[in-house]
Amino acid sequence: MKAIGYRKSHPIDAADALIDFETTKPEPQGRDIRVAIKAVSVNPVDTKVRKRAAPPEGETKILGYDAAGIVDAVGPDATLFKPGDEVFYAGSILRQGTNSEFHLVDERIVGHKPNNLSFAQAAALPLTSITAWELLFDRLGVPLGKSVDPRSLLIVGGAGGVGSIMIQLARRLTGLTVIATASRPETTKWCLDLGAHAVVDHTRPMKEQIEKLKLPPVAVIASLTGSEQHYPALADILAPQGKLGLIDDPATLNVSLLKAKACSLHWESMFTRSSFQTADMIAQHHLLNDVADLIDKGVLRTTLDQTFGTINNANLKRAHALIESGKSRGKIVLEGW
């Protein structure tokens with residue numbers, strides 16, 4: 001089968017940063033299902049793994065986590081899917097990735113593809129939907145439901161992949177007032193179109209901008225990018241007894257900045273359940289099915305922004321380069337072979 005991977009960690013403009021190659025079609029065991037991949041999307045984690053985690057000598061690492069496709073075969077213990085089912089998911093960081101014609105994934109982290117979306121539109125959603133949902137509802141403990149909530153949520157990096165779905169979840173499924181950050185006219189408009197009540201510029205002092213809006217106190221913050229840079233300002237903005245959630249990779253954080261206000265710090269990694277085979281791993285199966293249902297009901301929309309053509313090393317390198325530039329918006333998808 002066709003696949004795209006890397007053998008050494010190189011800058012994305014290197015000739016062999018990503019390579020096309022042929023490999024053996026994998027056989028499903030246990031609760032694995034084998035998926036014929038129709039579309040994939042690219043996330044910041046793809047670029048981070050490529051740059052930081054060189055595979056063992058002589059091996060080729062296949063990247064890719066988000067995917068949409070059709071179940072081709074199932075393992076002997078699989079019960080949730082059958083061949084022919086259309087699915088979408090974000091795979092495990094510990095296994096080979098989705099940038100291949102066929103891919104093995106544990107069925108407990110797979111959902112049924114939304115009926116109303118194409119494979120490309122569906123492939124944009126899994127990793128960011130899981131991350132946004134888990135951070136908002138599981139880690140930060142925001143109540144699910146439209147009851148009145150006298151607090152504001154600040155989403156730092158609202159136009160990115162996770163921010164694009166979190167804005168929708170918070171606006172449509174909670175009573176929070178949603179403030180997003182963006183730094184360009186096109187990303188500001190993107191956030192407002194997705195449902196943000198207001199947008200502030202994270203390249204300028206945020207506290208003053210937020211105070212001028214005269215909105216409910218910022219008691220919940222989702223810091224999705226630039227956390228190390230923004231952290232002192234976020235600790236200042238956060239209301240007493242507030243909650244701050246992170247998903248990126250700050251080298252260090254001075255947690256004592258949160259002590260006086262009795263604020264709490266929360267980490268989210270959507271790979272935790274699959275990496276540690278947690279008892280509640282199947283929660284991601286249910287979560288993705290819920291997202292698919294909300295899509296089909298018109299409550300949520302895909303965050304696909306650009307399609308970069310077929311799945312090959314040249315197009316994946318373009319996608320990696322755009323994500324590394326920090327100027328991407330929504331999700332980048334590749335479709336077909």
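Trainee: So a salt bridge here is a side-chain nitrogen of Lys or Arg lying within 4 Å of a carboxyl oxygen of Asp or Glu. How many salt bridges does that rule give?

Mentor: The count comes to 24. Keep in mind that this is a predicted model.

Trainee: Which residue does arginine 50 meet in a salt bridge?

Mentor: Glutamate 324, and the N to O distance between the two side chains is 2.7 Å. The pair links distant parts of the chain, with arginine 50 in helix H1 and glutamate 324 in helix H10, which covers residues 313-325. They are 274 residues apart.

Trainee: Is arginine 50 buried or exposed?

Mentor: Arginine 50 counts as buried, because its relative accessibility is 0% and the cut-off for buried is under 20%.

Trainee: OK, another pair. What does lysine 8 bridge to?

Mentor: Lysine 8 bridges to glutamate 57, and their closest N and O atoms are 3.0 Å apart. Both residues sit in loops: lysine 8 in the one between strands E1 (2-6) and E2 (19-22), glutamate 57 in the one between helix H1 (44-52) and strand E4 (61-62). This pair, too, links distant parts of the chain, 49 residues apart.

Trainee: And how accessible is glutamate 57?

Mentor: Glutamate 57 has 69% relative accessibility and counts as exposed. Lysine 8 has a relative accessible area of 39%, so it is partly exposed.

Trainee: What about aspartate 305, which residue is its partner?

Mentor: Aspartate 305 pairs with arginine 329, at 3.0 Å between the closest N and O atoms. Aspartate 305 lies in strand E15 (residues 304-307) and arginine 329 in the loop between H10 and strand E16 (331-335), so the bridge ties together parts that are 24 residues apart in sequence. Aspartate 305 is partly exposed at 24%, and arginine 329 is partly exposed at 25%.

Trainee: Which residues are linked in a network of salt bridges?

Mentor: Glu134, Asp138, Arg139, Glu268, Arg273 and Asp280. Glu134 is also among the buried residues of helix H3.

Trainee: Let's look at H3, then. How many of its residues are buried?

Mentor: H3 spans residues 126-139 and is mostly covered, with 12 of its 14 residues buried. Besides Glu134, the buried ones include Leu127, Ile130, Trp133, Leu136 and Phe137.

Trainee: What follows H3?

Mentor: Glycine 141 follows it, with a positive phi near 70°.

Trainee: Zooming out, how many helices and strands are in the chain?

Mentor: There are 10 helices and 16 strands. The radius of gyration is 20 Å, close to the 20 Å that the globule rule gives for 337 residues, so the chain is as compact as a globular protein of that length. Its C-alpha atoms fill a box of roughly 60 × 40 × 35 Å along the principal axes.

Trainee: What share of the residues counts as buried?

Mentor: 55% of the 337 residues. As for contacts with a separation of 6 or more, 70% of them are between residues 24 or more positions apart.

Trainee: And what does the accessible surface come to?

Mentor: About 13900 Å², and carbon and sulfur atoms hold 53% of that.

Trainee: Last one: how far apart are the mean positions of the positive and negative charges?

Mentor: They are 5 Å apart, for 38 positive and 37 negative charges.

Definitions and conventions. Residues are numbered from 1 along each chain as its sequence is written. This is a predicted model: local features need pLDDT of at least 70, side-chain atom pairs count only at pLDDT 80 or more; totals for chains, interfaces and linings use all residues. Side-chain values use heavy atoms; hydrogens and water are left out. Helices (H or I, at least four residues) and strands (E, at least two) are DSSP runs, numbered from the N terminus. The radius of gyration is taken over C-alpha atoms; the globule rule is 2.2 Å times the number of residues to the power 0.38. Buried means under 20% relative accessible area, exposed over 50%, partly exposed in between (1.4 Å probe, protein chains only). Contact means heavy atoms within 4.5 Å. Accessible areas come from the Shrake-Rupley method with a 1.4 Å probe; for residues, only the protein chains shown count as cover. Lys and Arg count as positive and Asp and Glu as negative; His and the chain ends are not counted. The place of a charge is taken as NZ of Lys, CZ of Arg, CG of Asp or CD of Glu.
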